[in-house]
Amino acid sequence: LIMPSGHPEVSPMTAPKKLYIKTYGCQMNVYDSERMAEAMGAEGYVTTDKAEEADMVLLNTCHIREKASEKLYSDLGRLRPLKIEKPDLKIGVAGCVAQAEGAEILRRMPLVDLVVGPQSYHRLPAMARAAEAGEKPVDTDFPAEDKFDHLPDRPSASTRPAAFLTVQEGCDKFCAFCVVPYTRGAEVSRPVARLLEEARGLAAQGVREITLLGQNVNAYHGEGPDGTWGLARLLRELAKIDGLARLRYTTSHPNDMDDDLIAAHGELPELMPYLHLPVQSGSDRILKAMNRKHTAEAYLRLIARIRAARPDILLSSDFIVGFPGETDRDFEDTLDLIRAVGFGAAYSFKYSARPGTPAAEKPEIDSAVADARLQTLQALITEQQRAVQTAM
Ligand code: 5AD
Ligand code: SF4
């Protein structure tokens with residue numbers, strides 16, 4: 001019996017258990033959800049897209065802004081009737097809220113059966129067994145071993161044209177507003193050999209496009225056969241794999257765009273002419289308060305060098321408006337930067353104070369002012385996006 005997940009070892013006498021996963025937040029969570037589904041597949045679970053028919057519901061959460069974080073609790077509230085109707089249903093919380101709040105989630109929401117942080121997914125099958133036995137396991141360790149070394153190989157039933165591949169996790173940058181260095185931990189790069197093996201496996205399954213993922217993907221510095229490799233070298237090697245037509249990577253930090261990576265954009269036809277390079281603000285005062293360690297001018301110079309290497313490159317960015325202390329003048333500087341670059345797209349957010357971050361100690365600006373700035377910024381981005389798309 002071949003189950004949809006591609007695991008033939010499930011006995012045909014027992015109906016497979018069903019796993020429903022909801023993914024919030026970034027692409028790294030999307031990738032992690034896939035890997036968790038594969039790990040649970042080896043335990044006899046098949047995935048379902050209907051929570052009502054699931055034996056286990058896994059919520060892979062995001063902690064980046066308060067709104068994202070609170071979604072977990074409203075979704076858990078919505079699951080309550082299902083849990084009453086099906087007491088054997090197991091509910092797991094994974095991802096960055098799991099990491100940040102740990103056992104507190106069990107206290108606030110007793111219907112939750114297990115809590116697993118992003119570095120412990122290889123332990124999920126054992127935790128699920130413990131939950132089935134009536135325990136309430138919580139694992140938010142940053143274990144010494146690499147979870148990827150303990151996850152099953154990726155199944156071969158995929159017919160997808162595009163796939164994600166996490167090459168790097170965590171962040172050492174400590175931007176003053178951001179929880180990522182706390183929830184995902186320090187920067188860790190996966191070894192070159194493992195990544196090439198996974199990429200070759202994906203290509204052999206028919207995958208044509210791979211997006212390399214990392215919280216700070218361009219800070220990649222993985223162990224290679226002859227010392228440490230940067231992202232440019234990894235991209236050049238991946239480009240040689242038969243069948244792989246397109247490469248992308250996200251998300252990058254301006255200070256990690258080194259000469260080699262910029263050159264790769266000019267040299268590698270497989271590397272798509274697109275770069276997501278968050279700048280957050282165009283005001284040097286705010287950039288400093290954000291601990292970004294670059295100025296607006298440095299960002300503009302960098303963009304000029306990238307465009308010199310690859311003139312048709314499409315740029316996108318992330319912006320935060322309403323950071324503590326942001327004045328009208330600071331916001332005007334951000335609009336000026338946007339006008340100077342001409343973005344093809346952008347993700348923009350109203351500042352959200354996150355527990356444990358340095359910026360959360362500072363007084364917040366008027367919420368209505370921040371709302372208005374977000375609207376103004378998004379209108380300008382939409383205008384630029386239209387212009388870029390019309391030109392295509
Ligand atoms: N408030 C608002 N936006 C945030 N981001 C990260 N932390 C916060 C926060 N506390 C945004 C940044 C980052 C993107 C992933 O999320 O713009 O680049
Ligand atoms: Fe967060 Fe800054 Fe690290 Fe990006 S670079 S994950 S915004 S701390």
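This is a predicted model: local features need pLDDT of at least 70, side-chain atom pairs count only at pLDDT 80 or more; totals for chains, interfaces and linings use all residues.

Biologist: Which side chain makes a polar contact with that of Glu198?
Modeller: Arg190. The two side chains are joined by a polar contact of 3.0 Å. A polar contact is a pair of N or O atoms within 3.5 Å; within protein, one must be able to donate a hydrogen and the other to accept it, and residues adjacent in sequence count only if both atoms are side-chain atoms.

Biologist: Where is Glu198, and is it buried or exposed?
Modeller: Glu198 is in helix H7, residues 192-204. Glu198 counts as buried because its relative accessibility is 9%. Buried means under 20% relative accessible area, exposed over 50%, partly exposed in between (1.4 Å probe, protein chains only). Helices (H or I, at least four residues) and strands (E, at least two) are DSSP runs, numbered from the N terminus.

Biologist: New topic. Which side chain does Ser281 touch?
Modeller: That of Thr334, through a polar contact of 3.5 Å. A polar atom of the Ser281 side chain also lies 3.0 Å from the backbone nitrogen of Ser283.

Biologist: And where does Ser281 sit?
Modeller: In the loop between strand S14 (274-276) and helix H10 (284-289). Ser281 counts as buried because its relative accessibility is 0%.

Biologist: On to ligand 1. What does Asp318 do there?
Modeller: An N or O atom of its side chain is 2.6 Å from an oxygen atom of ligand 1. The Arg65 side chain has an N or O atom 2.8 Å from a ligand 1 oxygen. For Phe177, a backbone N or O atom is 3.0 Å from a nitrogen of ligand 1.

Biologist: Which elements give two or more residues to the shell around ligand 1?
Modeller: Strand S15 (314-321) and strand S16 (345-350).

Biologist: What surrounds ligand 2?
Modeller: Its neighbours, with a heavy atom within 4 Å, include Cys171, Cys175, Cys178, Asn216, His253 and Arg292. Phe177 is also one of them, and Phe177 is listed around ligand 1 too.

Notes: Residues are numbered from 1 along each chain as its sequence is written. Chains are lettered from A and ligands numbered from 1 in the order in which they are written. Side-chain values use heavy atoms; hydrogens and water are left out.
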